[in-house]
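Please keep the sequence and the coordinates in view while reading.

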Amino acid sequence: RMESEDVAEAAPAPGVVDPDRIATLFRSNGVSSKILKSYGMLVGSGYLRRTLQPVVQALCEDSRSMEVDPLKLKKETDEATKDVAANQQRLLNTCQRLLDAITGSRADAPLELRQMCNLLKTQVPVDLLVLVQQPEALRHDDGGAEEAQ
């Protein structure tokens, strides 16, 4: 059985995570990435299923639209579906329910998964951690992101 210490040895060394490639950390085909993905699935899949299944199941049973792209909404024939503000609010509420389910279940997460997340946290540049922990620091203006004043 692979232990979290073994995963730590296979993971990239501190400082190796490239800030410009952090978005693709788990999509690469490198050995370290494959080990982290496989180990995460091994120790975390049951937890993830228990944590997110109720929210995802409710989402699948809800037929109301969450489409917010105006171009796609123009093609809709149902007027209720075309309400961008209502769709946006449903989308935000759904995302919040998913985040609440995850953050509210930290104590239920397997120790190995928490150790792996902590290992990754030590390797992610501090400025990226701030953006993850404080998403309101991002503002979309003219298609770009800038920090809030």
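K72 is partly exposed, because its relative accessible area is 48%, where buried means under 20%, exposed over 50% and partly exposed in between, computed with a 1.4 Å probe and protein chains only. The model is predicted, so that local features need pLDDT of at least 70 and side-chain atom pairs count only at pLDDT 80 or more, whereas totals for chains, interfaces and linings use all residues. Residues are numbered from 1 along each chain as its sequence is written, and side-chain values use heavy atoms, with hydrogens and water left out.

**Two residues in their elements**

- K72 lies in helix 3, which covers residues 70–73; helices here are DSSP runs of H or I with at least four residues, strands are runs of E with at least two, and both are numbered from the N terminus.
- The C-alpha atom of K72 is separated by 9.2 Å from that of K82, and the two residues are 10 apart along the chain.
- Y39 belongs to helix 2 and counts as buried, with a relative accessibility of 2%.
- Between the C-alpha atoms of Y39 and M116 the separation is 8.9 Å, although 77 residues set them apart along the chain.

**Packing of helix 2 and helix 4**

- Helix 2 (residues 31–61) packs with helix 4 (residues 84–103) at an angle of about 160 degrees, and their axes are 10 Å apart; axes are lines fitted to C-alpha atoms over the stretch in contact, and angles run from 0 to 180 degrees between N-to-C directions.
- That angle makes helix 2 roughly antiparallel to helix 4, a term that applies to angles over 145 degrees.
- From helix 2, Y47, T51, L52, V55, V56 and L59 meet T94, R97, L98, A101 and I102 of helix 4, where contact means heavy atoms within 4.5 Å.
- The residues of this contact between helix 2 and helix 4 divide into 8 nonpolar, 2 polar and 1 charged; Ala, Val, Leu, Ile, Met, Phe, Trp, Tyr, Cys and Pro count as nonpolar, Asp, Glu, Lys and Arg as charged, and the others, Gly among them, as polar.

**The chain as a whole**

- The chain has 6 helices and 2 strands, and from the N terminus on its elements run α-α-α-α-α-α-β-β.
- Of its 149 residues, 23% count as buried.
- Among contacts between residues at least 6 apart in sequence, 58% join residues at least 24 apart.
- The chain exposes about 10,900 Å², of which carbon and sulfur atoms supply 56%, with accessible areas taken from the Shrake-Rupley method and a 1.4 Å probe.

Notes: Parallel < 35°, antiparallel > 145°, perpendicular 65-115°, else oblique.
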